[in-house]
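Please look at the sequence and the structure before reading on.

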Amino acid sequence: AQESLVICIADLDHFKKVNDDHGHECGDSVLKAVASALSGATRGSTVLARWGGEEFLLVDRVHRHEEGASFAERVRQWIAETVRVPVPNGEVRMTMSVGLAHYPFARAFPDLLSWQEVFILADHGLYKAKQSGRNCCFMIRANEEILQAYIHDFGFNAASNLCHQRFSEAVEAGRSGER
């Protein structure tokens, strides 16, 4: 199997409410608890970074797209099950939404999108996860058969231009999201 990178962008759900209800000190404790939980839930090979605010970036190598999806789901579930921050009269629990995509995006056409463009797709997946009700993962994935047909009909440059310039049309012309 061909190795690829899974790029995940995770965002804590309703984090502003934690700061509003319990203060920024509690919010900082939640961020530390999440960072610790993410570190515990990932392999040593996983690149893990706070990506600003309440977002985290996770990048790891996988052999199959299913591994990327199960990795993201496992991490999402781990946060929901383990993050507990005590507050007066209870505890704060967190969930997170995760958007993900693989680089190279299309295995048959590894030069179609740059890793930066795949990052944008993962961010779009995060947006779709939030739209889907939060506390879920959403993968933006190439539909290799439709992409192959598009390239056959219109050429690699047309497909590349479509992917580079018009992400929404590109989604219609060969990418499917999976929840």
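Is Glu-73 buried, partly exposed or exposed? At 30% relative accessibility, Glu-73 counts as partly exposed; buried means under 20% relative accessible area, exposed over 50%, and partly exposed in between (1.4 Å probe, protein chains only).

The model is predicted: local features need pLDDT of at least 70 and side-chain atom pairs count only at pLDDT 80 or more, while totals for chains, interfaces and linings use all residues. Residues are numbered from 1 along each chain as its sequence is written, and side-chain values use heavy atoms, with hydrogens and water left out.

Side chains of opposite charge can pair when their charged atoms come close. A salt bridge is a side-chain nitrogen of Lys or Arg within 4 Å of a carboxyl oxygen of Asp or Glu. The count comes to 12 salt bridges, including those in the table.

| Salt bridge | N to O distance |
|---|---|
| Lys-130 and Asp-13 | 2.9 Å |
| Arg-43 and Asp-60 | 2.9 Å |
| Arg-76 and Glu-73 | 2.5 Å |

Lys-130 lies in helix α4 and Asp-13 in the loop between β1 and α1, so this pair ties together parts that are 117 residues apart in sequence. Helices (H or I, at least four residues) and strands (E, at least two) are DSSP runs, numbered from the N terminus. Lys-130 is buried at 17% relative accessibility, and Asp-13 is buried at 3%.

Arg-76 is buried at 10%.
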